[in-house]
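Subject: Structure handover

Hello,

Here is the structure I promised to pass on. My notes on the fold follow below it.

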Amino acid sequence: MNLTQEQVKGIIGWLESHWGPDKKCPYCDNTKWLVSDKLFELSQLRGQFPTEIVRMPVATVTCTNCGNTVLVNTVITKIDGLEGGQK
Ligand SMILES: [Zn+2]
């Protein structure tokens with residue numbers, strides 16, 4: 001799913017208020033991060049032959065130096081249009 005510029009700005013604002021300014025990458029100390037304009041999902045598989053899949057919508061936040069990628073659950077960020085997905 002593509003994110004709107006407003007949704008990306010919302011995620012960046014949420015990160016600034018919850019991570020604080022100039023958050024360092026834990027691996028390389030870089031403070032520059034990139035928020036993708038795509039929304040991804042993590043899927044929980046159940047049993048050998050999954051008949052029901054639980055999905056978690058996640059935004060990716062990537063360190064621009066080493067590529068470390070952090071997944072942020074958008075159910076928690078409560079950005080407009082991204083708060084669903086716990087089915
Ligand atoms: Zn890094």
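**Fold and findings**

Read along the sequence, the protein chain runs α-β-β-β-α. That makes two helices and three strands. Helices (H or I, at least four residues) and strands (E, at least two) are DSSP runs, numbered from the N terminus.

This is a predicted model: local features need pLDDT of at least 70, side-chain atom pairs count only at pLDDT 80 or more, and totals for chains, interfaces and linings use all residues. Residues are numbered from 1 along each chain as its sequence is written.

**Confidence**

pLDDT is the predictor's confidence in each residue, from 0 to 100. The protein chain averages 88, and 89% of the residues score at least 70. Among the helices and strands of the protein chain, confidence is lowest in helix α2 (residues 74-77), at a mean of 92. It is highest in β3, at 97. Where pLDDT is low, the predicted coordinates should not be read in detail.

**The sheet**

The three strands form an open sheet in the order β1-β2-β3, with antiparallel pairing. Two strands pair if DSSP finds at least two bridges between them. The edge strands are β1 (33-44) and β3 (69-73), each pairing on one side only. From one strand to the next, the twist averages 35°. Axes here are lines fitted to C-alpha atoms, for helices over the stretch in contact, and angles run from 0 to 180 degrees between N-to-C directions.

β1 and β2 are joined by nine bridges, in the antiparallel sense. Strand β2 (residues 54-63) also pairs with β3, over five bridges. β2 and β3 form a hairpin with five residues between them. G67, in that turn, has a positive phi of about 85°.

Some positions to look up: L39 stands opposite A59 in β2. A59 in turn stands opposite V72 in β3. V61 has V70 in β3 as its bridge partner.

Helix α1 (residues 5-19) lies across β1, β2 and β3. α1 runs at about 90° to β1.

**The core**

Which residues make up the largest nonpolar core? There are eleven: L3, I11, W33, V35, L39, V58, A59, V61, C63, I79 and L82. A nonpolar core is a set of buried Ala, Val, Leu, Ile, Met, Phe, Trp, Tyr and Cys residues joined through C-beta atoms within 7 Å. β1 and β2 each supply at least two residues of this core. β2 gives the most, with four residues.

L39 touches M1, L3, P57, A59, T74 and L82, not counting residues up to four places away in sequence. Two residues are in contact if their C-beta atoms, placed from the backbone, lie within 7 Å. Of the contacts in the protein chain with a separation of 6 or more, 57% are between residues 24 or more positions apart.

Of the 87 residues of the protein chain, 17% count as buried. A residue is buried if 20 or more other C-beta atoms lie within 10 Å of its own, exposed if 12 or fewer, and partly exposed in between; again the C-beta atoms are placed from the backbone.

**Around C28**

C28 lies in the loop between α1 and β1. Is C28 buried, exposed or partly exposed? It counts as partly exposed, because it has 13 C-beta neighbours inside 10 Å. C28 touches C63, N65 and C66, not counting residues up to four places away in sequence. C28 and N68 are 40 residues apart along the chain, and their C-alpha atoms are separated by 9.0 Å.

Best wishes
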